[in-house]
Amino acid sequence: MVSPPTRYLVFFQYFGTKYSGVMETSNEQSIVGVQNYLEKAAQNLKPVVPIKFRISSRTDTGVHALCNSAHFDIQRAPGKPAFNEKQLIHCLNYHLRPEPIRILNVYRVANSFHARFSALSRTYIYRLLMGCTHHSEIPVFERDLCWAPAGGHLNVSAMQDAAQFLLGTHDFSTFRSLNSETRFQSPVRTILQVDIRPSSGFLSHHYEHRGLEFWELKFRSRSFLYRQVRRMVGALVAVGQGKLTPRHIKELLEIKDSRAFPPNAMAPPSGLFLKSVEY
């Protein structure tokens, strides 16, 4: 008699530059998703049925995750006990060694648990670098891990004022990119937190004399629309550059039309990190 499957919640992180995003893609593509590597590693557990990861939070090409999550079921051969969490962490990480992907934690959960729909909130951070007048001034250790907007400096106070308009429940149609799922999704989201604070860079204390400043924009919501965070960051940076005023953010929300978003203002993926998924 075949034993019933056991469900696990897994937390994992990845450096997203070399992947097409977190979601599974065809293995024939030259650049594939993080999920492809997770599932390839999981097949070394010798399951009766191939293991599928159900990802909680989608991330795009070039976006990183300090901590994403997923659930998966493992069905073992008759008489084989369920894996414990430490076994899974060690085995998966062993087979993920060549990739910048790491399993952080694994928890056994009820079969009714769903990594995506059981999540209470998600937190993203976006890393900005100020003080660079040219992209060649970005420290090599920060390449692909931040955005240095043109002009070098931003009016952070104006950005913080503008960010307050994003808090709360709104129709974020202007702040989403269109994709195949757009017409099936409500554009209404509730932003629980927006913070803009100074941060530190990797080894930044070794080049303080260069006058570089790192800042983090933090956004927390139960869920986000397609590319919503990158568009919110881009609009706030435009405020910091003086291209928009803080009240323009309120006006963009009220327009409720993705075509009204300023052209070429969306922040690049390199500075974006999924920080955590809360349950």
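In the predicted model, Asn264 is located in the loop that connects α5 (246–255) with β9 (272–278). The phi angle of Asn264 is positive, near 60°, although the residue is not glycine. Most residues other than glycine have a negative phi. Asn264 has a relative accessible area of 83% and is therefore classed as exposed, the cut-off for that class being over 50%. A positive phi, of about 70°, also occurs at Asp144, again not a glycine. Asp144 belongs to the loop between β5 (121–130) and α3 (156–163). With a relative accessible area of 29%, Asp144 is partly exposed.

Strand β5 contains Tyr124, a residue that an unreviewed UniProt entry lists under "binding site". The relative accessible area of Tyr124 is 8%, so this residue counts as buried, a class that requires a value under 20%. Beyond its neighbours within four places in sequence, Tyr124 is in contact with residues that include Ser57, Arg58 and Thr59, as well as Leu217, Lys218 and Phe219. Phe224, Val229, Leu272, Phe273, Leu274 and Lys275 are also in contact with Tyr124.

Helix α2 spans residues 85–95, and its buried residues are Leu88, Ile89, Cys91, Leu92 and Asn93. Among the elements that cover these buried residues are the strands β1 (6–14), β3 (64–74) and β4 (101–109), together with helix α1 (34–42).

Technical notes: Residues are numbered from 1 along each chain as its sequence is written. This is a predicted model: local features need pLDDT of at least 70, side-chain atom pairs count only at pLDDT 80 or more; totals for chains, interfaces and linings use all residues. Side-chain values use heavy atoms; hydrogens and water are left out. Helices (H or I, at least four residues) and strands (E, at least two) are DSSP runs, numbered from the N terminus. Buried means under 20% relative accessible area, exposed over 50%, partly exposed in between (1.4 Å probe, protein chains only). Contact means heavy atoms within 4.5 Å. UniProt positions are given in the numbering used here, feature names are shortened, and annotations may be inferred rather than shown by experiment.
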